[in-house]
Amino acid sequence: MNNKRQNIAVIFLITVIIIKFLIWNDNNQKWIIKDVYYQHPIDEPLSIAPQPTLISTTDELFPATISDASKLYRVEVEGIVQPKNIEQIQETVQLAKDEKKKISMSGARHSMGGQNAFDNSIHLDMREFNNIQYNQEDQTVTVQSGATWKSIQNKLSKHNRSVQVMQDSNIFTVGGSIAVNAHGKDPNFSTLIHTVNEFQLVNAEGELITCSRTENPELFYAVHGGMGLFGVVTQVTLNTNPNNIYQTKLELFDSKDFLHNMEQSSADSELSEAHFSMDQDNLLKEVLVYNYKPTNTTKDVEDDITGENSIWLRKAIYRLARNSDWGQKVRWFLEKNLSPIIDPELTTRNTAMAVPVRFLELDDPNSTDILQEYFIPTDKVDEFIPKYRQLLQKHNINIVNTTVRKTLADSEGLLTYSPQENYGFVSYYKITKDQKGQEQMQTFVQELMDYLLEIDGKYYLAYNNYYTQDQIHRMYPKLQELFQLKQKYDPQELFNNQWYENHKI
Ligand SMILES: Cc1cc2nc3c(=O)[nH]c(=O)nc-3n(C[C@H](O)[C@H](O)[C@H](O)COP(=O)(O)OP(=O)(O)OC[C@H]3O[C@@H](n4cnc5c(N)ncnc54)[C@H](O)[C@@H]3O)c2cc1C
């Protein structure tokens with residue numbers, strides 16, 4: 001009996017040691033245990049970018065490092081200041097001017113091409129500047145630029161209202177979203193700018209100015225998509241939508257006749273998104289469309305804005321898919337067969353817009369996941385899909401995930417990626433962090449860019465710069481105009497980032 005107990009104790013001890021050293025001590029594996037019991041608190045900001053290290057004040061700066069969600073950039077800055085009010089933003093501008101330093105700034109740091117940091121700059125991390133006020137009289141919401149969409153959704157939920165346009169997840173800040181002029185999955189809207197009434201900006205002189213379609217209009221149109229180059233957006237007033245209740249409808253079809261099927265399937269939808277199959281035999285061949293259509297139900301449906309559920313399961317399936325082709329097969333089988341069963345039949349607009357992202361967290365020293373998006377004019381979509389498949393296979397690219405959403409034409413943003421109605425193809429790629437991984441992605445993107453140029457497509461500027469200077473200037477001829485406005489409004493280039501340094505000519 002004693003021997004038996006001893007054996008159990010030894011086995012238990014060995015198991016604990018194995019778990020501790022092979023799983024718990026390895027940041028890339030720790031989730032296997034941690035996420036079994038982890039519940040995401042509603043108020044905790046979520047970011048898949050590494051958190052900044054030391055926080056400074058304008059009285060004392062401590063050197064620190066900024067990285068982004070791709071984990072491919074590490075930028076050393078003079079100090080990170082987290083302003084809580086406009087005076088602290090203005091003090092930082094003054095300090096940078098006095099000390100002849102540059103200012104860079106960030107929200108949730110999910111842009112992936114050096115847009116949110118600059119070497120030796122004083123860095124503004126805007127996330128503590130985040131008050132939100134709902135204006136009952138005109139059903140708008142006034143937010144400070146460091147507020148995340150999640151906190152705005154929480155506020156609007158209390159008034160049964162909802163955001164009009166935001167990304168396909170609520171973890172980003174409003175300031176970071178304006179700087180790229182983000183878009184979402186409501187096919188009845190264009191880009192974010194169309195939902196903004198006005199914003200305030202601390203400019204390169206440290207003055208607080210208002211920008212709208214009638215006041216400083218040149219800045220209004222340039223700041224949307226202007227990568228934070230014209231100053232610090234402080235406060236933004238946005239239109240809102242009713243928080244409608246939707247009937248969820250999933251449809252599976254072949255991608256050969258994508259456009260026709262997609263338009264038919266998503267007619268009358270207020271939110272719509274297509275997911276593509278990814279395993280090599282079936283690459284981009286099947287499409288599962290998630291549609292959310294208004295319904296007259298009298299049922300009471302509650303908002304769930306956490307966005308995070310079944311974290312462990314999602315992570316496990318995602319890891320299988322990113323690491324093997326059979327994992328992709330398993331994931332697609334589960335998505336096709338389980339989603340129609342487990343997705344709630346009725347949901348609110350707020351809930352349907354709060355998509356889980358925690359499963360994307362990754363702490364792998366050798367590889368990382370990067371996102372890219374290509375905007376394809378509607379009439380070119382059916383031609384794009386086979387060409388995209390061919391290029392992915394030719395360059396042996398490890399594509400993990402592709403989703404597609406429609407964006408209406410944007411008639412306002414100076415540097416718009418949506419000059420005509422288009423479908424945005426968003427893809428996640430697994431790449432190695434070494435030079436070989438970077439070169440492989442670069443060759444692929446540059447060939448894809450040539451094709452995008454032929455069909456009037458656009459590459460989303462929020463992501464890594466694998467394209468050539470010539471390609472990006474041909475794709476966005478208005479970059480020149482944007483940079484001329486930069487010289488007009490900020491000739492000393494007080495506001496700067498690595499992306500601008502790479503592209504200005
Ligand atoms: C997982 C994932 C999903 C995504 N999904 C979508 C999507 O569905 N639709 C879409 O359009 N995009 C999407 N994106 C891209 C995303 O919209 C951009 O990267 C956006 O900039 C992220 O906001 P952020 O708060 O992280 O900004 P950051 O990356 O921190 O900053 C982006 C830019 O904004 C500037 N900036 C930040 N705050 C301010 C301010 N207060 N004033 C002036 N400039 C400021 C920065 O200097 C920088 O140039 C996605 C990205 C990821 C990683």
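**Exercise 1. Decide whether R322 counts as buried or exposed, and describe its salt bridge.**

Step 1. At 2% relative accessibility, R322 counts as buried, where buried means under 20% relative accessible area, exposed over 50%, and partly exposed in between (1.4 Å probe, protein chains only). The structure is a predicted model, in which local features need pLDDT of at least 70 and side-chain atom pairs count only at pLDDT 80 or more, while totals for chains, interfaces and linings use all residues. Residues are numbered from 1 along each chain as its sequence is written, and side-chain values use heavy atoms, with hydrogens and water left out.

Step 2. The partner of R322 in a salt bridge (a side-chain nitrogen of Lys or Arg within 4 Å of a carboxyl oxygen of Asp or Glu) is D369, and the closest N and O atoms of the two are 2.8 Å apart. R322 lies in helix α8 (residues 311-323) and D369 in strand β16 (residues 367-377), so this pair ties together parts that are 47 residues apart in sequence. Helices (H or I, at least four residues) and strands (E, at least two) are DSSP runs, numbered from the N terminus.

Step 3. D369 is buried as well, its relative accessible area being 6%.

**Exercise 2. Work out which parts of the chain the salt bridge of R405 and E373 links, and whether these residues are buried or exposed.**

Step 1. The side chains of R405 and E373 meet in a salt bridge with an N to O distance of 3.6 Å. The pair links distant parts of the chain, since R405 belongs to strand β17 (residues 399-407) and E373 to strand β16, 32 residues apart.

Step 2. R405 has a relative accessible area of 5% and is therefore buried, and E373, at 1% relative accessibility, counts as buried too.

**Exercise 3. Describe the salt bridge of K504 with E501, and state how many salt bridges the rule gives.**

Step 1. In the salt bridge between K504 and E501, the closest N and O atoms are 3.1 Å apart. K504 is partly exposed, with a relative accessible area of 28%, and E501 counts as partly exposed at 31% relative accessibility.

Step 2. Salt bridges that share partners join D279, D281, D325 and K329 into one network. By the rule, the count comes to 25 salt bridges.

**Exercise 4. Explain why strand β11 is largely enclosed, and identify strands that pair with β11.**

Step 1. Of the 11 residues of strand β11 (residues 232-242), 8 are buried, so this strand is largely enclosed by the rest of the structure.

Step 2. Two strands pair if DSSP finds at least two bridges between them. Strand β7 (residues 140-144) pairs with β11 in the antiparallel sense over 5 bridges, and the bridge partner of Q144 in β11 is Q235.

Step 3. Strand β8 (residues 161-163) runs antiparallel to β11 and is joined to β11 by 3 bridges, with S162 opposite N241. Strand β9 (residues 196-202) is likewise antiparallel to β11, with 5 bridges between them, and here V196 stands opposite L238.

**Exercise 5. Locate I18, and state whether I18 is buried or partly exposed.**

Step 1. I18 has its place in helix α1 (residues 2-24).

Step 2. At 45% relative accessibility, I18 counts as partly exposed.
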